[in-house]
Amino acid sequence: MNNQVQNIHNIGWHFSHEYDDMVLHGITSNNVFEHIKRINKLPVVSSDIYFTDEIWDFHSAALESVPKRKSTFIFTDVDTNFKEKTKFYVLTKMWVDKDKIQTIYVFFSNIKRFINYLVSKEIYNLEYLSLSTIIDFFETINMLAPNTIQRYKVAIQDFYVFYSSNYGRLDWKEINAFLSKADSHALKAQRKNNKWDTIPNDYFDRLLSCLVNVMNNKKAAVNDRGIAAMTILLSQTGLRNGEIRDIPANSLESIQILDGTKTAYHLRYHTSKGVRGNGNYKEVYTVMTELACKAYTVLEKLYAKRRAEIGTDLLFVPLKARTLPVTENVLFTMLKRLCVIHGQEIGCINVREKYPTLYHCAMKTYMNRGLCSRIYLQHYKPTDTISVPRPHQFRVKLCNELVSQGVSIYYIQRHMNHLRKEITYSYFRQEHEGNQDRIFAESVMKMLVTGETQILGQSKDLLLLRINDFIKKSKLNVATNLEEIITKLTKEIPIRAKNGGICIKSGPIRECNKNDETDNFYCAFGMCPNLFHSFFMVDINYEKYKTLIQTIKYNHEKGFIKAAEKETEKLKWIAKKFLIPELEELNAEINHKGEVTIKKKFPQTSFFVDNYDHVYSEVKSWLI
């Protein structure tokens, strides 16, 4: 039995002898719940939170770094039949201490939405819940991003486990099987779409040069020098936002290397990555470059007086900062302001099309909100835009640079504090992919302009009309000015490779103005009307087709009829809109240019050239 204060999520909990010790190990007991209901008070040491309260606000007791919104649990809209159970679910999740408060909040929010759906169907007990109702619920949220849908499955599954352990065993084998199944293809597609891009070399070089000048300029404003030094430190170490703002002074350490002939420096800092619970961390180190050491030293001297005045050991303590450590938004806002002041020097004004992967903001925002002195804004128009790297892009940039220089992936993994080397590998792509995107777009555009290949899809007529209209207005000759036409067309009509097609709404120069979560879902399954495609993509769509067949088979075997029907509709869409047109166009190309030529130029089509009749009949059978 316990009779002590335990610190969980940086919150002090007083567990008296009436609390079952097993609750802290995930084995809950109704005795604990009954005791809390009887005294009507949560065992939080530093604040009064009553069990019957409609709002449980842990913000005053939890870490300041946890947003108030995500440490406040609102039960007002939870049906009475589920309210007590969800309250004890939240408490149990906090006591077991496997997830951070923010994660528990997300689980709770997802479960609330699920419960509200059940109540709308007049279901007030999980014992009466069928698999078909679960599937129907997920139909109502299928417009959400794949990873969000997966989080709902995990949360509901977790609630089922809690419910079954504390309120009677549930027969939920089929439901558990459904909730355990992840849509790996959609998740993979979303992860690829959501990857951060690196910072282009020419932009980065100018920005870094400007930051060094500001940092070293003793006549510059203190906070301008401070954010310049912090950004330099960010670019050199690759620390995450939350890690760099928590760095304390006196964290720079040195060792003698090469028989004492040289000194190497490293930075000691804390990270919560891979550590359970709020307020817990581990101490790690990162190697410091000469420039990083300079930035660190400037920050240590620059805020020495301020540090002493407010009694803190934090390295970065901007003047007039309302909260310390500063929030990640403050870091980014200070960097944006600095880029406005030095916009011409950095070359970050009106370059949206040149650097599409950076953050962009209209200058009128700064003018309307007074985010920057009028002295610096007088040279700008409200319609001007500023382009600034997001803080995480500095981390991606550093990782790319290290890989490009041939540094061991295992060293980079440790330097970047990645939990797995696969994460490190995933960072290395953006700069090269940007070039590949441009090359791909120009090569496809060349085929379209010269008529070398036919395109397929709902938007093909519109696309060809725009291409021909552009060529006509430009007064350029395809025969003599082909390369110039291709370059200009790729900027005017951006196209981008997607999973099984080419999107005409986004490209290496311009992002899609409809690029929301729903469109990501459509892209993942090739069901977006803005896609066009050609016969040489048949292998990608055939692979999706085969995967869907396996999914349909699985759902039929498990009795998930509605899910099977949904997958069948996807399969028919791909067969009708993609595969059949691609196969028929492939056949036309074979008849026109010969099998050898097609297989040599498009080796990915070799299987379909050799097995054309069989594949065509197989796909066609789904449309009969």
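Helix α25 (residues 561-593) has 33 residues and spans 45 Å from first C-alpha to last, close to the 48 Å expected at 1.5 Å a residue. That expected span is 1.5 Å times one less than the number of residues. Helices here are DSSP runs (H or I, at least four residues), and strands are E runs of at least two, numbered from the N terminus.

This is a predicted model: local features need pLDDT of at least 70, side-chain atom pairs count only at pLDDT 80 or more, and totals for chains, interfaces and linings use all residues. Residues are numbered from 1 along each chain as its sequence is written, and side-chain values use heavy atoms, with hydrogens and water left out.

**Along α25.** The helix α25 bends by about 40° at A575. A bend is the angle between axes fitted to the seven residues ending at a residue and the seven starting there. Just after α25 comes G594, with a positive phi of about 95°.

**Helix pairs.** Axes are lines fitted to C-alpha atoms, for helices over the stretch in contact, and angles run from 0 to 180 degrees between N-to-C directions.

| Pair | Axis distance | Angle | Crossing |
|---|---|---|---|
| α9 (222-237) and α13 (328-341) | within 10 Å | roughly 110° | left-handed |
| α5 (146-166) and α6 (173-180) | 9 Å | about 150° | left-handed |
| α3 and α4 | within 11 Å | roughly 115° | right-handed |

A crossing is left-handed if the near helix is turned anticlockwise from the far one by less than a right angle, and right-handed if clockwise.

Take α9 and α13. They are therefore roughly perpendicular to each other. In α9, the contact uses N223, D224, I227, A228, M230 and T231; in α13, L331, M334, L335, R337, L338 and I341. Contact means heavy atoms within 4.5 Å. These residues divide into eight nonpolar, two polar and two charged. Ala, Val, Leu, Ile, Met, Phe, Trp, Tyr, Cys and Pro count as nonpolar; Asp, Glu, Lys and Arg as charged; the others, Gly among them, as polar.

Next, α5 and α6 are therefore roughly antiparallel to each other. K153, I156, Q157 and Y160 of α5 touch I175, N176, F178, L179 and S180 of α6.

**Loops.** Most residues other than glycine have a negative phi, and most peptide bonds are trans. E122 has a positive phi, near 60°. This residue, E122, sits in the loop between α3 (101-120) and α4 (131-140). A cis peptide bond joins L324 and P325, with omega about -5°. P325 is in the loop between α12 (304-310) and α13.

Terms used
Parallel < 35°, antiparallel > 145°, perpendicular 65-115°, else oblique.
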